[in-house]
Amino acid sequence: STVEFGQLLPGGAKTGELTFGGFRQGFALGKYLREKYELEDPSEILTRSTAANRTIETADNIRLDETI
C-alpha cells in the first residue's frame, strides 16, 4: 500500500507533518541538552534542519524555553 503526502493519518496528523509525539520528543531533547550542558539560554543550542516543515518545527521545539 502506498501512502500519499498530505494524507490524513490516525490521530489527526497528515503524512509529512510533525506529530504531537514528535513535538514532545523535540522539546524533551532541548530540555535534556540545556540541563546536560548547563545552558541558560535556549538560543545557545544550534539546530539545523532540512526544508521539510516537520524538521523545522522539530528544530524550533528543541530551542523552546520551558518557561514559555
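Colleague: What share of the contacts in the chain with a separation of 6 or more comes from residues 24 or more positions apart?
Modeller: Keep in mind that this is a predicted model. Among contacts with a separation of 6 or more, we ask how many join residues 24 or more positions apart. Their share is 39%.

Colleague: Thanks! Which helix do the buried residues of α2 pack against?
Modeller: Let's start with the helices: the chain has two of them and zero strands. In α2, which covers residues 53-62, the buried residues are Ala59, Asn61 and Ile62. Seen down the axis of α2, these buried residues fall within an arc of 160 degrees, so they line one face of the helix. The buried residues of α2 pack against α1 (20-36).

Colleague: Is Gly21 buried or partly exposed?
Modeller: Gly21 sits in helix α1. Buried would require a relative accessible area under 20%, and exposed one over 50%. Gly21 has 30%, so the label is partly exposed.

Colleague: How far apart in space are Gly21 and Glu35?
Modeller: In sequence, 14 residues separate Gly21 and Glu35. Going from C-alpha to C-alpha, the distance in space is 21 Å.

Colleague: One more: what percentage of the 68 residues is buried?
Modeller: The chain exposes about 5,400 Å², with carbon and sulfur atoms supplying 52% of that area. Of the 68 residues, the buried ones make up 18%.

Key. Residues numbered from 1 in each chain as written. Predicted model: local features only at pLDDT ≥ 70, side-chain atom pairs only at ≥ 80, totals over all residues. Heavy atoms only, no water. Buried < 20%, exposed > 50% of the residue type's maximum accessible area, 1.4 Å probe, protein only. Helix = DSSP H or I, 4+ residues; strand = E, 2+ residues; numbered from the N terminus. Arc of directions from axis to C-beta. Contact = heavy atoms within 4.5 Å. Areas by Shrake-Rupley, 256 points an atom, 1.4 Å probe, with all protein chains shown as cover.
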